[in-house]
Structures are given as structure tokens and as C-alpha cells.
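Good morning, colleagues. Please take a moment with the sequence and the structure before I go through the packing.

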Amino acid sequence: MVTRKCPICSSKESEKVYRQHFSGLSEGGLFDGYDVVVCSECGFGFADDIPDQSVFDEYYKQMSKYEKEYMGGQVSESTLSTYQEIVKTASTVLTDKQARILDVGCATGALLAEFKKSGYQNVTGLDPSSSCASTAQKLYGIRVLNCAVSELSEFETAFDFLILNDVLEHIRNLNSSLQLMRGLLKPNGMIWIEVPDVSLFSQYISAAFQQFSVEHINFFSPTSLANLIQQNGFETVGIWQNARQVETIIDPALSAIFKITEKKPAKLTVDRKTKSSMLEYIEKSFQVDSGILQKIEAIVASGKEIIVWGVGTHTQRLLATSHLGKAKIRAFVDSNARYQGKQLNNVPILPPEKIKGMHETIMISSCMYQEEIAGQIRNDFGLPNEISRLYEAG
């Protein structure tokens with residue numbers, strides 16, 4: 001693990017506000033936790049004590065969870081609605097339908113497909129997952145460059161518009177990545193960015209501490225996002241705070257459009273909101289967690305064997321911070337083929353079809369996908385097992 005300087009102001013001084021813990025996979029995982037810190041100089045919030053960029057690049061190639069294979073690569077109605085809103089907003093500044101667009105971290109290409117529907121035909125994607133790249137071509141006829149951002153040194157033709165939708169929160173080397181992407185743009189090029197909004201974390205809590213996920217290592221407010229981008233040769237066109245519907249939950253999002261500039265960067269504005277927002281989020285997460293912990297304790301006290309469905313951030317955190325690690329877990333289940341065949345806490349991770357004939361109670365370890373998983377258990381796989389929900393059914 002490498003100590004991280006502030007990605008915005010390069011200060012080595014930071015204050016730890018929380019330690020996030022995870023129980024790691026037998027192979028292919030990132031780490032068993034990180035420090036959530038706030039820069040003492042500019043106020044930016046980020047994850048410290050994490051690996052270097054090459055480890056993240058390899059992780060997203062091998063362990064991507066954005067293929068939506070169990071949905072045939074399609075996105076949900078709520079995600080599709082968000083994508084349509086993004087296209088609508090972007091079209092107010094991107095008036096030329098011949099504009100060349102690059103979506104960095106495009107997953108299966110559904111957002112670019114919406115741009116195509118709106119008349120933009122010169123669209124290209126970039127994603128480190130080979131499966132995402134092939135799915136985008138198959139579903140939407142979209143060309144996707146199969147590599148990580150850090151591996152893309154040049155392109156044959158400059159772009160008018162770059163999309164970084166839910167990307168910057170995942171990148172360790174923010175400045176070098178932004179400089180690389182700036183070099184892909186035409187002189188008047190623009191960039192769309194959407195990231196989780198740390199200043200509103202405490203107002204939209206579904207699962208406790210879920211915003212401090214395995215993959216999210218930067219926590220942006222409107223101030224810190226503007227600071228970062230302006231230091232890398234862009235000026236602000238607009239920044240908006242949104243509440244995005246994601247499956248059954250609502251997440252706070254920060255959306256912005258920036259434009260290339262040759263102006264000297266403005267002096268950094270100290271972010272005085274992030275630290276207090278994080279502390280409030282942490283306090284409220286502990287409150288939300290209390291009910292979940294009680295349900296897990298009851299499961300452990302029963303002494304019954306269980307099957308746990310879901311092995312992502314939610315489960316990995318609970319295994320490290322609750323009594324779930326003491327439960328008699330016969331198997332973990334996940335629909336993502338990249339998890340299957342591995343182990344979590346020395347217990348195998350199976351595909352759903354492999355638990356047919358097993359009679360243990362299935363505990364669903366997910367807030368966002370709880371009801372979708374329950375539907376899969378009954379309707380898709382026809383499993384009669386008792387289902388244990390950690391969250392009230394919506």
C-alpha cells in the first residue's frame with residue numbers, strides 16, 4: 001500500500017475520519033480496507049493506504065461487474081432514465097450532431113446508445129473489460145477501445161466531447177489521467193463528469209457506509225471537483241447537484257460540464273464542506289447499521305446454516321465489521337461470473353444454479369438489488385428456500 005498525497009493540492013497532511021474494512025476475496029480483490037481522509041490544506045476527501053494505479057487497472061480488467069450478463073448486458077429502467085437526462089443536458093452545449101464523442105468507462109455502451117438515438121453518430125467507447133467491449137458492439141454496434149485510461153496514450157483523431165460518467169471516483173492517479181484525456185480533446189473540447197456528491201451523502205443513505213465502497217476512492221464535493229478540473233486546464237461550464245434513482249435507492253450525484261482553457265488556473269478554493277459532510281454521513285451510517293447488525297446477530301445465534309447471496313462491498317464490509325463472519329455460511333452466491341469459483345472467508349462462491357437442492361435459508365446481502373435478487377430466487381431459478389432480507393421490502 002502507498003501513502004497518497006492529496007490529488008488536488010499535493011499536500012502530504014491529512015486527517016483520518018474513518019477506517020473502512022473489508023473481508024477480501026481469495027483472489028482478484030483490491031485490499032482489506034482503507035483510511036477515509038480529508039486533506040488538511042484544501043479539504044478534499046479521499047481514500048488513503050491503497051495500491052498504485054496498476055493494481056486498479058488490472059482489477060477492472062479482471063473483476064468488472066458492469067457487464068450485466070444476467071440482464072443480457074441491458075441496463076435497468078432507472079439507469080436508462082438517468083442516461084436520457086445526461087444526453088438532454090449535454091445536447092444544450094453539444095449542438096453539432098457530427099461531434100466526435102468518447103465515453104471513458106463506457107461499460108456496455110448504453111449511454112452512448114442514447115447519444116446515437118439523439119442523432120450523434122460519431123461515438124466511441126473505452127473500457128478495460130473485454131466483455132463490456134464485446135457487449136457494446138453486439139447490442140449497439142458501438143466500437144469500444146479495450147484498455148484502461150492510463151493505457152490510452154493517443155488516438156487517431158481528436159474528440160469534441162469526453163464522457164466520464166461515474167469514473168473519477170475510481171481513479172487513483174487523477175491528474176495524470178485528466179491530462180491524458182485533455183490531450184484527446186480538440187482545442188474547444190468539453191468534458192462531461194458525473195460522480196457521487198459527498199456533500200449530500202448523509203441525506204441519501206440506503207446501506208450504511210456504502211459510499212465508502214471497495215471501488216470508490218475519491219469523494220467529491222462541488223468545490224473539490226471544480227478545484228481538480230481547473231488545475232488540469234479546464235474551466236467550468238456548469239455544475240449541478242442531482243438525486244439519481246439507482247434501482248430501488250436514490251444516490252446523490254454531482255454532474256458537470258467543463259471546457260478546455262488556456263487560462264492560468266484560479267487559486268484553489270478551500271473545501272469547507274466535505275469534512276463535516278463525511279462526519280455526518282458516518283454518524284448516520286452507524287445508526288442505519290444498528291438494525292442490520294441485530295438481524296445478523298439473530299441469524300448467528302440461531303446456529304442455522306445459511307447461504308449468502310451477494311459478495312460485493314456490502315457483504316465484504318459486513319464480514320469484516322459484524323458477526324456475519326461467525327455465521328455458519330455454507331456458500332456464497334453471486335450472478336457475476338467473475339466472482340464464481342473464488343472464495344470469501346474460505347467459503348466458495350457459487351453461481352445461482354449450483355445451489356439447487358440446497359435447503360438452507362438464503363440471506364440476501366444487498367440493499368440496492370434486494371428485491372431483484374428475491375425475484376431471481378423465486379422466478380428465475382425456482383428455488384423454494386426461505387429468504388432472509390436485511391432491509392424492509394420496498
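Predicted model: local features only at pLDDT ≥ 70, side-chain atom pairs only at ≥ 80, totals over all residues.

Tyr 18 is buried, because its relative accessible area is 12%, and the cut-off for that label is under 20%.

Which kind of ring pair do Tyr 18 and Phe 286 form? Their planes stand at 75 degrees and their centres are 6.2 Å apart, so the pair is edge-to-face. It joins distant parts of the chain, since Tyr 18 belongs to strand β1 and Phe 286 to helix α7, 268 residues apart. Phe 286, with a relative accessible area of 47%, is partly exposed.

A second pair consists of Phe 44 and Phe 220, whose ring centres are 5.2 Å apart; the planes meet at 35 degrees, so this pair is tilted. Here too the pair links distant parts of the chain, 176 residues apart: Phe 44 is in the loop between β2 and β3, and Phe 220 in the loop between β9 and α6. Phe 44 is buried at 0% relative accessibility, and Phe 220 is buried with a relative accessible area of 0%.

Across the whole structure, a search finds 17 aromatic pairs. One aromatic cluster is formed by Tyr 18, Phe 201, Phe 209, Phe 212, Phe 219, Tyr 281 and Phe 286. Elsewhere, the ring of Phe 159 has the charged end of Arg 100 sitting over it, 4.9 Å from the ring centre.

In soluble globular proteins, nonpolar side chains tend to be buried together. The largest core here has 48 residues, and those touching the most other members are Tyr 34, Phe 212, Leu 324, Ile 329 and Phe 332. Elements that each supply at least two residues include β1, β2, α1 and α8. Helix α7 provides the largest share, six residues. What does Leu 324 touch, leaving aside residues up to four places away in sequence? The residues are Ile 296, Ile 306, Leu 318, Leu 319, Ile 329 and Met 363. Another core, of 38 residues, lies apart from this one, and Leu 174 and Leu 254 are among its members.

Finally, helix α4 spans residues 130-140, and its buried residues are Ser 131, Cys 132, Ala 133, Thr 135 and Ala 136. Strand β6 is part of what covers them. Just after α4, Gly 141 has a positive phi of about 65 degrees. Gly 141 is also among the residues touched by Lys 116, which lies in helix α3 and is partly exposed at 24% relative accessible area.

Methods:
Residues numbered from 1 in each chain as written. Heavy atoms only, no water. Core = buried A, V, L, I, M, F, W, Y, C linked by side-chain atoms within 4.5 Å. Buried < 20%, exposed > 50% of the residue type's maximum accessible area, 1.4 Å probe, protein only. Helix = DSSP H or I, 4+ residues; strand = E, 2+ residues; numbered from the N terminus. Contact = heavy atoms within 4.5 Å. Phe/Tyr/Trp six-rings, centres within 6.5 Å; stacked < 30°, edge-to-face > 60°. Lys NZ or Arg CZ within 6 Å of the ring centre and 35° of its normal.
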